[in-house]
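Trainee: I would like to go through the labels on this model one by one. Please set each value against its cut-off.

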Amino acid sequence: MTEKMKTWIRGFVGGVAACVAVGGVGYFICFGSLPLIGDQALGMSDLAKASKIAKLVDTYYLDYKDEDEKSQYTMEDGMYSGIVASLQDPYSGYYSEEDYKQLQESTQGVYTGVGLTMSKDPDSGVVSIVDLAEGGPAEQAGIQKGDILTAVDGEDITGKELSEISKIIREDNKKQIVLTIERDGTATDITVSLEKVEVTVVKSRMLDDSLGYIQITEFTDGTSEQFKKAYSELNEQGMKGLLVDLRENPGGLLTAVCDTLEQILPEGMIVYTEDKSGHRTEHTCKGETPIEIPLVVLVNENSASAAEIFSGAVKDHEVGTLVGTTTFGKGIVQQTFALGDGSAVKLTTSKYYTPNGVNIQGTGITPDVEVDWPEDAEEFTSPSQFNELSQEEWESKDAQMKKAREVLAEKVAQGEQ
């Protein structure tokens, strides 16, 4: 047993409570000689039981090795996770230092890497490059879509899973990496720098009849600026109507969706939240640049959280039409609290309400025009995969997209918003 765990057990059994400040509130707080978790006091029998279980694991668990520090920390992380898991809330959780770093990368929309997306053929096992971050290290080094990746720093990747390959590429302390790629039957070693890469979460294109299309896959720190750039470019091309695709968008940051909506909503409420004490926090729009062309928003059953805040605000302000299927129904907000040692806890802290005061938890938002994904259609994938297809080819694969474009075209023709 590590000294860290021994100290943890001794401290609890001896009645020495750990005091950890979480957002100004003691999560473990001192009360006499016994610790509290929330408002529940741990009795001596609870502490003795925890000590007994740890001792049994130490003595009898088959794969337990005292020198294996990783196993020890996993056990400790498991104890911390158990506290949050007892809430039985799928959105709350404990994050180890490594997990918290990954969480931050996903919400910030920035990671250290080479800026490429790989795909593995399930039959042949061939790993190919399917996408590149615009202006990213891989693109600058000359790697192209369609290239086949065969080795990383001279290590053959045949048979390896994509997650394992990604881990090899992004190992700590590397500044450069050599990727062996095959193109037109010729193998080439390309040296690529590892840098901070912004995840592309907004993609756009101009459809027929000057209808703009913007897909938002997630609301990260970079979403607002990426949306601003795409929206501006489409306007410069003479966009007459805008289609925003939020299908499969799992949500993201509250601040990110509010900053994005600030660019198209009129003055007024975007969303407001209420915590367990009834404290209300409002997020409003200044209305300096309200959208003046018809707007259609595509949603489906996997459009959740921040994507629903976007949809709810558009619907309540009556500035656009929702097309698709009823959204996921996540009307609650989580807050992450760093614990000071690299780890963190994420907790559900409030409910959110659309401008009209509707909380959609468990119910979702019903679109104005309902269109199901056809049962005989191809499995749904990111609409960005259709960006290189003609509009006719795209719409033959995507009935929801076709209907949304038709609704938008009709509104443009009628001069509606």
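Mentor: Start with burial. Buried means under 20% relative accessible area, exposed means over 50%, and partly exposed is in between (1.4 Å probe, protein chains only). This is a predicted model: local features need pLDDT of at least 70, side-chain atom pairs count only at pLDDT 80 or more, and totals for chains, interfaces and linings use all residues. Residues are numbered from 1 along each chain as its sequence is written, and side-chain values use heavy atoms, with hydrogens and water left out.

Trainee: What makes Pro266 count as buried, exposed or partly exposed?

Mentor: Its relative accessibility is 25%, so Pro266 counts as partly exposed. Pro266 sits in the loop between α8 and β17 (268-275). Helices (H or I, at least four residues) and strands (E, at least two) are DSSP runs, numbered from the N terminus.

Trainee: Which residues does Pro266 touch, not counting residues up to four places away in sequence?

Mentor: They are Cys285, Gly287, Pro290, His317 and Val319. Contact means heavy atoms within 4.5 Å. Pro266 and Cys285 are 19 residues apart along the chain, with their C-alpha atoms separated by 6.9 Å.

Trainee: What makes α9 largely enclosed by the rest of the structure?

Mentor: In helix α9 (residues 306-316), 10 of the 11 residues are buried, so the helix is largely enclosed. Among the buried ones are Ile309, Phe310 and Val314. The buried residues pack against elements including α8, β17 and β20 (321-324).

Trainee: How do you know how α7 and α8 are oriented?

Mentor: Axes are lines fitted to C-alpha atoms, for helices over the stretch in contact, and angles run from 0 to 180 degrees between N-to-C directions. The axes of α7 (residues 223-236) and α8 (residues 254-261) come within 8 Å and cross at roughly 25 degrees. That makes α7 roughly parallel to α8. Under 35 degrees counts as roughly parallel, over 145 as roughly antiparallel, 65 to 115 as roughly perpendicular, and the rest as oblique.

Trainee: Which residues meet there?

Mentor: Thr223, Ser224 and Phe227 in α7 meet Ala256, Asp259 and Thr260 in α8.
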